[in-house]
Amino acid sequence: ISGEFLYKYNEKLDFRFKGEWYNYKMNNEEKPWHKPTLKIAFNARYNIQDKLVGRFDLISENKRFAYDTDATEGYQELKGIIDANIGVDYHYNDLLTGFVKINNLLGQRYQQWYLYPNQRFFIMVGFSYSL
């Protein structure tokens, strides 16, 4: 089950709230590996100028399970995730956009996949070109 709510405050500012709930029925596996049962996201977007857009994201997922034959139960429980990100896009024209993204503002240590830790606080700079 999923639902999404978008509130457009004005032409420059909008907010989005999204929730997803999953209920897994397993036939052959003990748990749904790496799949959370609840995802919640909040996004805000602000058009600073016609060409400059700021973004904020807050994303949360509850605990997940990973297959592990070394564990007593045969699986490991992965902690839930809370991730905050900000960014700015500069739309040079319809084809070319430059961006700066700052991800994992909280510097959280978590594993999206078992034994593969995420990057902590990091900055990404780039551009996109679309035809």
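Reader: How many bridges join strand E8 to E11?
Author: The model is predicted. Strand E8 covers residues 96-103, and E8 and E11 run antiparallel. Within this pairing, Val 100 has Val 125 of E11 as its bridge partner. The number of bridges joining E8 to E11 is eight.

Reader: What is the count of buried residues in strand E11?
Author: E11 spans residues 122-129, eight residues in total. Buried means under 20% relative accessible area. Strand E11 is hardly covered, and its count of buried residues is zero.

Reader: Is His 34 buried or exposed?
Author: His 34 sits in the loop between strand E2 (13-21) and strand E3 (38-47). His 34 is not a glycine, yet its phi is positive, about 65°. Most residues other than glycine have a negative phi. The cut-off for buried is under 20%, and His 34 has 19% relative accessibility, so His 34 counts as buried.

Reader: Does Leu 115 count as buried or exposed?
Author: Leu 115 belongs to the loop between strand E9 (111-113) and strand E10 (116-117). Leu 115 also has a positive phi, about 70°, without being a glycine. Exposed means over 50%. Leu 115 has 60% relative accessibility, so it counts as exposed.

Reader: Which residue in E3 stands opposite Trp 21?
Author: E2 pairs with E3 too, in the antiparallel sense, over nine bridges. In E3, the residue opposite Trp 21 is Leu 38.

Notes. Residues numbered from 1 in each chain as written. Predicted model: local features only at pLDDT ≥ 70, side-chain atom pairs only at ≥ 80, totals over all residues. Heavy atoms only, no water. Buried < 20%, exposed > 50% of the residue type's maximum accessible area, 1.4 Å probe, protein only. Helix = DSSP H or I, 4+ residues; strand = E, 2+ residues; numbered from the N terminus. Pairing = 2+ DSSP bridges.
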